[in-house]
Amino acid sequence: MAFPENQIYLASRSLRRRELLKQIGVKFKILLMRETLSRPNDIDETPLQNESPSDYVYRITSTKAEASWLRLAQRQLPLLPVLVADTVVSLDGCILGKPKNQTHAEEMLATLSGRSHQVLTAIGVVFKNKTQIKLSTTTVRFRDITPQEIRYCIEYDNVYDKAGAYAIQGLAAVFIAEISGSYSGVKGLPLFETSQLLEEVGIEIFK
């Protein structure tokens, strides 16, 4: 199916995801669940008891897709595919979300120091109430990080909206000794899987 101007909606506030879509030439409009930041979250992103990281990102992405399509219908906007995504950091099967404060961020980075962890990003495309989801899993190994480096990184990168308290495109890049998987997936939008899903619903990447 062809869409006007080969365009989609991106249901995300993430500047990184916007940059990545622009990188592959995908035209998009922003679809926000909340009109203002003062309104409460539309989706409860609290992990369920004993929920695995992969089950969690699948569930949250599916929920975001359903809520976004409902939002589209409520606002009577033109019906175009909606792209949603969710990213978590996993260490020993435990989910590391966004840090609550500086102490929490310091604890997260100290835990990741000198170890390998996984970054899971699930992406979903919803159109006419049908959602397709793909999962990208990348293993990242950090070198040993000193407490001083951790504090500097937190202050320099403003990590409070980032899973695992770091951004691969920021200062924390110097901590990465090895990466196996998708760089763009760690950044928040795996472009390989994203392009596959978009092409499946009729969005042409190489147009």
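My entries on the pocket and the helix pair follow.

**Ground rules.** I am reading a predicted model, where local features need pLDDT of at least 70, side-chain atom pairs count only at pLDDT 80 or more, and totals for chains, interfaces and linings use all residues. Residues are numbered from 1 along each chain as its sequence is written, and side-chain values use heavy atoms, with hydrogens and water left out.

**Pocket.** I looked up the largest pocket and found about 1,200 Å³ of space in it. Its lining has 42 residues, and Arg17, Glu45, Lys64, Asp86 and Lys98 lie nearest the centre. (On a 1 Å grid over the protein atoms alone, a pocket is an open set of points where a 1.4 Å probe fits, with protein on both sides within 12 Å along at least five of seven lines; lining residues have an atom within 4 Å of a point. The volume is the space filled by probe spheres set on the points.)

**Helix pair.** Next I turned to α3 and α4 (residues 147-157), which pack at about 125° with axes 10 Å apart. (Axes are lines fitted to C-alpha atoms, for helices over the stretch in contact, and angles run from 0 to 180 degrees between N-to-C directions; helices are DSSP runs of H or I, at least four residues, numbered from the N terminus.) That angle makes α3 oblique to α4 (neither under 35, over 145 nor 65 to 115 degrees). I noted Leu109 of α3 and Ile154 of α4 among the contact residues (heavy atoms within 4.5 Å). In the pocket lining, β3 gives the largest share, five residues (strands are DSSP runs of E, at least two residues).
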